[in-house]
Amino acid sequence: MDLQACTETIRTKVGDNSGLNATLKFDCGSDGVVFVDATATPNTVSNENTDASCTITISLENLSALLTGELNPMNGFMMGKLKVAGDMGVAMRLQTVV
């Protein structure tokens with residue numbers, strides 16, 4: 001799955017009101033970013049590289065696996081496939097979305 005497909009999948013999963021009540025960024029390094037602004041309704045998802053209350057650093061391949069259910073978020077964190085910076089509470093709430 002490329003970055004645009006991941007962005008569309010996240011947009012669908014987040015919907016209009018994800019309940020995250022925060023900003024979140026998936027940083028895929030040189031492949032780009034997916035930014036989720038869930039502070040207002042409707043929630044927005046874009047590819048702009050903006051500061052977020054929680055940043056998840058993950059490869060595009062692992063993000064794709066996360067979105068398709070092949071990678072469990074907690075297992076991915078424990079195995080070092082994703083790193084969380086900022087508000088860990090946002091990352092914990094993310095499990096209900098992805």
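Which helices and which strand each supply at least two residues of the lining of the largest pocket? In this predicted model, they are helix H3 (73–78), strand E5 (82–86) and helix H4 (88–94).

Let's stay with that pocket for a moment. Its volume is about 190 Å³, and 14 residues line it, with Pro-73, Phe-77, Leu-82, Val-84 and Ala-91 closest to the centre. H4 gives the most to the lining, namely four residues.

Now for a pair of helices. Two packed helices are described by the angle between their axes and by the distance between those axes. Helix H1 (residues 3–14) packs with helix H2 (residues 60–68) at an angle of about 35°, and their axes lie 10 Å apart. Their crossing is left-handed. On the H1 side, you'll find Leu-3, Cys-6, Thr-9, Ile-10 and Lys-13, which meet Leu-60, Leu-63, Ser-64 and Leu-67 of H2.

Here's how the two sets of residues split by class:

Last stop: Asn-47, which sits in the loop between strand E3 (44–46) and strand E4 (54–58). Is Asn-47 buried, partly exposed or exposed? Its relative accessible area is 33%, so Asn-47 counts as partly exposed. Leaving aside neighbours within four places in sequence, Asn-47 is in contact with Leu-3, Gln-4, Thr-7, Val-33 and Val-34. Take Val-33: Asn-47 is 14 residues from Val-33 in sequence, and the two are 5.4 Å apart in space, C-alpha to C-alpha.

Terms used
Residues numbered from 1 in each chain as written. Predicted model: local features only at pLDDT ≥ 70, side-chain atom pairs only at ≥ 80, totals over all residues. Heavy atoms only, no water. 1 Å grid on protein atoms, 1.4 Å probe; cavity = no way out; pocket = protein on both sides within 12 Å on 5 of 7 lines; lining within 4 Å. Points joined across faces, edges and corners; volume = space filled by probe spheres on them. Axes fitted to C-alpha atoms, helices over the stretch in contact; angles between N-to-C directions. Left-handed = near helix turned anticlockwise from the far one by under 90°. Contact = heavy atoms within 4.5 Å. Buried < 20%, exposed > 50% of the residue type's maximum accessible area, 1.4 Å probe, protein only.
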